[in-house]
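Subject: Structure handover

Hello,

Please find the structure below, followed by notes on what was found in it. Could you read the notes with the structure open beside them?

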Amino acid sequence: MSRRPAGRIAVVGAGSAGAFFVLELSRLRPGVPIDLYERGGAPPGAGIVLSWEFADRIKADHPQVLDIPGSAMATWDRTLTVVDTERVWSGAYGMFGVSREEFQRHARDLASGLPNVTLRRRTVSGRPGEPGDHDLVVVADGARSRTRASREGEFGTRAFPGRTRFLWMSTPIALEPTFVLKPVSGGLLIVHSYPHGTDVSTFIVEADIEVIAAQGLHDRPLPEVETLLAEIFKDELRGAPLRAQTGGWRAFSTITNERWHSGPLVLIGDAAHTVHFSTGSGTALAIDDARCLARALAERSSAAEALAQYEAERRPVIQAAQAEADESRRWFETLSRRERVRGHQTVFALRSRRAANTYGRLRARDPEFVDAAVRTLAGGPADGEPADLPIGLGGIRLTGRCAAVEDDGRGGPVLRLPAADGYVPCPVLDAGGPPPDPVPRCALVAGDPDAGLGAFVRRLRSGGASAVGLLVPAAEPAKAKETTAAGGDFLAVPSLPGNGRGERTRAADEARYECGLPVLLLSAEPFSRDEINTLILGGRIDLFAYVGGLKADIS
């Protein structure tokens, strides 16, 4: 098949996505005429985060892309998390921050300096979305793309706003890369900060809207908000001021498009999709979009084939990235409404909110941090993994946290809990019937908290039960707190459908926080031991049982 250039191309937006598309296509097809349209104005935000692994990959083809002043960059290999007054260090593995303005300016200058490229400071044909005399228009003008907005129906654009609000700021001081979880009235103020130069850092504050309002930070002039936040975080900022880089508090919107190309227009980067800033992957994804599209145009004999190839290659990658980013976003949204946080356990949950960061992987890469988290969970020196640590349930001391589940021979399930004197049987009882005779040492009780559940539990205790668990129905996770009033020693909460770690354990995690009791996760699917360790050490659950092989329904 013969290959030919794609004709004259317009690139709307000279940020990272647009500039790298120009650089890559010009490298592969030097003769393609390209008009690069700069939208003008300073780029939003302050700094961006990249990994050295990613940087090395793009420098292999474009050696000059990071030839920017050293004062506009900062590297790190560990991250500080400030949990109330506790300071916890953990690894960060070859990351660096760079000034967004310097990075994009340099990439734009490299692209516009090529002989086949003309830099223009206006929109295509004076109107967004109009191809003019171009054969292809690459839409790279960001999350608030005017070009895409003019044809949202054609692209099938949707925006899903998050629950929290954030304010992207900078401060004229080099900070350690830090998460700050500061308890205030009604929840937490959460800070994502990192240096992006020798004397400047990004400082993003995120919180639930009710928490923001409770601090007097909502509906105030931006200069007043900057001053108030600088005072709230004066210790973390060492007295430095804050300057907003966005126009005020806003919700982060996850943008999706059913179609990434329509007629002569094709979307790349944030114009096509967004991922929550907590994953720090937006710029890298945009650059990879740009390079993929350029390669497809260089390889295919028609633009139509190239656009189809580009979307087929990148859409699965972006869907996975958005799923992971949504998991991270929801974790921070949930955390922002909590007034109690638990040092190392909360930090491990923060680190393991992404699927790849399991107990085993983090322990291999950051053993000092993980060992400290295990010691904190154990309450002292510990040699075992989280699943092997002892835990008390009422009057029973368990020697591990994984329960076996089997049929009792009469069609009913029974848990087998590991204890020093052997496995303790824990049958599942219906509060609507009479207690068994003799009363078991441990029992898990299912029943309506409004219909005699408390009385049934009291009868078990008077009969000699040492530990009583309460089953929270899968269909009614909100009843956990109401169920707790029956007087149990632990809760059993079924896992929920979903692919993400947080989604599967959402009900268990919420019950554990709201009720203050140990939580046993009942899973219809087997979890690896590594995943069980991850969930326990992150404080999402306390115990685990696989119930999928039972004939009886235990949910």
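Strand S20 (residues 413-419) pairs with strand S21 (residues 422-430) in the antiparallel sense, over six bridges. Helices (H or I, at least four residues) and strands (E, at least two) are DSSP runs, numbered from the N terminus, and two strands pair if DSSP finds at least two bridges between them. Two residues make up the hairpin that joins S20 to S21, and Arg416 stands opposite Pro425 in S21. S21 also runs parallel to strand S22 (residues 442-446), joined to S22 by three bridges. There, Leu429 stands opposite Val445 in S22.

**Basis of the notes**

This is a predicted model: local features need pLDDT of at least 70, side-chain atom pairs count only at pLDDT 80 or more, and totals for chains, interfaces and linings use all residues. Residues are numbered from 1 along each chain as its sequence is written, and side-chain values use heavy atoms, with hydrogens and water left out.

**The eight-strand sheet**

Eight strands form an open sheet with mixed pairing, in the order S3-S5-S4-S10-S11-S12-S9-S13. Its edge strands, each pairing on one side only, are strand S3 (47-51) and strand S13 (243-244). Within the sheet, strand S11 (residues 187-197) and strand S12 (residues 200-208) pair in the antiparallel sense over seven bridges. The bridge partner of Gly197 in S12 is Val200. Helix H3 (residues 100-112) packs on this sheet and touches S3, strand S5 (86-99) and strand S9 (164-171); contact means heavy atoms within 4.5 Å. The direction of H3 makes about 25° with that of S5. Axes are lines fitted to C-alpha atoms, for helices over the stretch in contact, and angles run from 0 to 180 degrees between N-to-C directions.

**The six-strand sheet**

Another open sheet, also of mixed pairing, has six strands in the order S6-S2-S1-S7-S16-S15. Strand S6 (117-120) and strand S15 (261-262) are the edge strands, each pairing on one side only. Strand S7 (residues 136-139) pairs with strand S16 (residues 265-267) in the parallel sense over three bridges, and Val139 has Leu267 as its bridge partner in S16. H3 packs on this sheet as well, touching S2 and S6, and its direction makes about 130° with that of S6.

Asp35 lies in strand S2 (residues 34-37). With a relative accessible area of 2%, Asp35 is buried (under 20% is buried, over 50% exposed, in between partly exposed; 1.4 Å probe, protein chains only). Leaving aside neighbours within four places in sequence, Asp35 is in contact with Arg8, Ile9, Ala10, Val11, Thr118, Arg120 and His134.

The axes of helix H11 (residues 343-351) and helix H13 (residues 367-378) come within 9 Å and cross at roughly 135°. H11 is therefore oblique to H13 (angles under 35 degrees count as roughly parallel, over 145 as roughly antiparallel, 65 to 115 as roughly perpendicular and the rest as oblique). His344, Gln345, Val347, Phe348 and Arg351 of H11 make the contact with Phe369, Val370, Ala372, Ala373, Thr376 and Leu377 of H13.

Asn533 is found in helix H18 (residues 529-537) and counts as buried at 2% relative accessibility. Not counting residues up to four places away in sequence, Asn533 touches Tyr359, Glu385, Pro386 and Ala387.

Regards
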